[in-house]
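Biologist: Before we talk about any labels, could you put the model on the screen, so that I can ask how each of them was reached?

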Amino acid sequence: MRAQRLAWAITGSGHYLRESLAILQTLQEVDIYLSRAAAEIIQQYGFQAALEATGHKVYQDKTASSVPVERFYEGVYHTLVISPATSNTIAKMAYGFSDSLVTNLFAQAGKTRIQSIVFACDTAPELESEAPRDNVVKVYPRQIDLDNVAQLKRFADTTVVEDMAGLQHAIMARLAAVHELHLHQGVQVEHTHD
Ligand SMILES: Cc1cc2nc3c(=O)[nH]c(=O)nc-3n(C[C@H](O)[C@H](O)[C@H](O)COP(=O)(O)O)c2cc1C
């Protein structure tokens, strides 16, 4: 039996994009999924090299039916991480939409009872956010944005984290639990960087 992997989806957010890519560089056995907006934002922020430096395979949102989601049905993944998650993707996920690659990943993770860990951009009524070219802007998430995050927190098999420390902690706890499970199942865990 092959060890399962972690799927990490990135949406079109500048907020904590740099930090999400930095965490991705530290992880092994990961596949990255980009929303259409994420592919553009990564270019705009000049983070293409940082994305490539993670060394992970990248799947892009190029099909209407989100073909790569098949990999969830095939049992390839133990966990889905979505970070950073835009207000747009959070709103769609909170209301059950699955009309893009990332919202499909979340829907299929839920329907196959795979754990999701989500870092939502809109964590507080007032935030400082990274804009292109190293600029910082003040952002004031609307009540609807905060309500959508609260709605998502009620989902089964879903952990919504508030910051990067919470994200790292949730990922490490999940990897430890999966490792333990694999050991019990006699799964061969690979330690090479892919
Ligand atoms: C430079 C730039 C930065 C952006 N940063 C954010 C952000 O931090 N949070 C957010 O919710 N949307 C942000 N957006 C808007 C999203 O990219 C936009 O809503 C997009 O439709 C999201 O699509 P997705 O959720 O499928 O990735 C940004 C857009 C641009 C052009």
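Modeller: Let us begin with Thr103, which is found in helix α6, residues 101-111, and keep in mind that this is a predicted model.

Biologist: What makes Thr103 count as buried or exposed?

Modeller: A residue is called buried if 20 or more other C-beta atoms lie within 10 Å of its own, and Thr103 has 25 C-beta neighbours inside 10 Å, so Thr103 counts as buried.

Biologist: Which residues does Thr103 touch, leaving out those up to four places away in sequence?

Modeller: They are Thr89, Lys92, Met93, Phe97 and Ser98; as for Met93, its C-alpha is 5.9 Å from that of Thr103, although the two are 10 residues apart in sequence.

Biologist: Turning to the helices, at what angle do the axes of α5 and α7 cross?

Modeller: The axes of α5 and helix α7, residues 143-153, cross at roughly 45 degrees and come within 9 Å. Angles under 35 degrees would count as roughly parallel and those from 65 to 115 as roughly perpendicular, with the rest, apart from those over 145, called oblique, so α5 is oblique to α7. The crossing of α5 and α7 is left-handed.

Biologist: Which residues meet where α5 and α7 are in contact?

Modeller: From α5 there are Ser87, Ile90, Ala91, Met93 and Ala94, and they meet Asp145, Asn148, Val149, Gln151 and Leu152 in α7. The residues of this contact divide into six nonpolar, three polar and one charged.

Biologist: How many residues surround the ligand, and which are the closest?

Modeller: There are 18 residues around the ligand, and the closest are Thr11, Gly12, His15, Ser35 and Thr86. Of the shell, 13 residues are polar, five are nonpolar and none is charged, while α2 gives the largest share, four residues.

Notes
Residues numbered from 1 in each chain as written. Predicted model: local features only at pLDDT ≥ 70, side-chain atom pairs only at ≥ 80, totals over all residues. Near = placed C-beta within 6 Å. Helix = DSSP H or I, 4+ residues; strand = E, 2+ residues; numbered from the N terminus. Nonpolar A, V, L, I, M, F, W, Y, C, P; charged D, E, K, R; others polar. Buried ≥ 20, exposed ≤ 12 C-beta atoms within 10 Å, placed from the backbone. Contact = placed C-beta atoms within 7 Å. Axes fitted to C-alpha atoms, helices over the stretch in contact; angles between N-to-C directions. Left-handed = near helix turned anticlockwise from the far one by under 90°.
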